[in-house]
Amino acid sequence: MSQISNESTTQSTRESRNTQSSRGPLLKETPKHPHEIQAFNTISRVPIGLNETVRADSVAALNQILVDTMTLRDLYKKHHWQTSGVTFYQLHLLYDKHHLEQLELVDKVAERVQTLGGIAVAMSADIAEMTLIPRAPRGRENVPAQLTRTLEAHEMLLQRARSMAKRAAELGDDGTNDLLVSDIIRTNEMQVWFLAEHLEDGTRTKSL
Ligand SMILES: [Fe+2]
């Protein structure tokens with residue numbers, strides 16, 4: 001293949017990516033793979049008594065919760081490894097406990113997406129593009145910064161989960177509502193309690 005042809009292919013790929021990125025994170029798609037049997041952002045037929053519009057609505061909401069939960073899961077592992085100071089041992093253990101609980105939530109949410117006929121986001125590059133949780137630095141943060149960053153991530157996720165749960169209930173998707181309330185909201189609220197108690201009065205940031 002000539003160099004001109006290669007350059008032209010690269011240019012068209014770049015233009016295609018630029019067009020996709022302007023549509024928003026949920027519509028950013030990877031190039032179609034020849035063996036792909038269902039495209040992302042499509043819904044397959046599932047006979048569970050919920051119409052396609054409702055299932056598509058829940059899938060989009062759950063995929064956002066999914067990528068934010070996976071980000072929170074990874075944030076806990078980062079803190080598990082990098083924590084320091086006099087509370088090292090207890091936080092090292094607590095962060096890992098919360099990491100495992102978030103890991104269980106990831107599987108529940110992903111499998112709910114598939115149950116509804118959608119495609120669960122799975123790969124780290126897609127998670128990084130779609131998550132609404134601010135990116136953490138690669139470097140090591142002190143304990144108050146670790147706690148504050150994690151609490152803020154929980155709060156953002158909880159606010160979204162509550163409005164999504166309400167919408168799922170209104171649309172008649174009781175299974176999604178139950179998952180969001182019984183698993184996502186209750187687990188995240190409990191984890192917030194355990195983290196927030198580590199911050200003495202006056203050390204919390206105003207945004208909390
Ligand atoms: Fe470990």
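Trainee: What is the handedness of the crossing of α2 and α3?

Mentor: The crossing of α2 and α3 is left-handed; that term applies if the near helix is turned anticlockwise from the far one by less than a right angle, while clockwise is right-handed. A word on the source: this is a predicted model, in which local features need pLDDT of at least 70, side-chain atom pairs count only at pLDDT 80 or more, and totals for chains, interfaces and linings use all residues. Residues are numbered from 1 along each chain as its sequence is written.

Trainee: What makes α2 roughly antiparallel to α3?

Mentor: Their axes come within 8 Å and cross at roughly 160°. That angle makes α2 roughly antiparallel to α3, because angles over 145 degrees count as roughly antiparallel, under 35 as roughly parallel, 65 to 115 as roughly perpendicular and the rest as oblique. Axes here are lines fitted to C-alpha atoms, for helices over the stretch in contact, with angles running from 0 to 180 degrees between N-to-C directions.

Trainee: Why are α5 and α6 called roughly antiparallel?

Mentor: α5 and α6 pack at an angle of about 160°, with their axes 9 Å apart, and are therefore roughly antiparallel to each other. Their crossing is left-handed.

Trainee: How do you know that the span of α3 agrees with its number of residues?

Mentor: The expected span is 1.5 Å times one less than the number of residues. For the 28 residues of α3 (residues 88-115) that should give 40 Å, and the end C-alpha atoms are 40 Å apart, so the two agree. Helices are DSSP runs (H or I, at least four residues), numbered from the N terminus.

Trainee: Why is Gln102 called buried?

Mentor: A residue is buried if 20 or more other C-beta atoms, placed from the backbone, lie within 10 Å of its own, exposed if 12 or fewer, and partly exposed in between. Gln102 has 23 within 10 Å, so Gln102 is buried. Gln102 is found in α3, where the buried residues also include Leu91, Tyr95 and His98.

Trainee: Which residues is Gln102 in contact with, leaving aside its neighbours within four places in sequence?

Mentor: Those are Thr69, Leu72, Arg73 and Tyr76; contact requires C-beta atoms, placed from the backbone, to lie within 7 Å. What covers the buried residues of α3 includes α2 (52-82), α5 (143-171) and α6 (174-196).

Trainee: What makes Ala196 count as partly exposed?

Mentor: Ala196, which lies in α6, has 15 C-beta neighbours inside 10 Å, and so counts as partly exposed.

Definitions and conventions:
Helix = DSSP H or I, 4+ residues; strand = E, 2+ residues; numbered from the N terminus. Contact = placed C-beta atoms within 7 Å.
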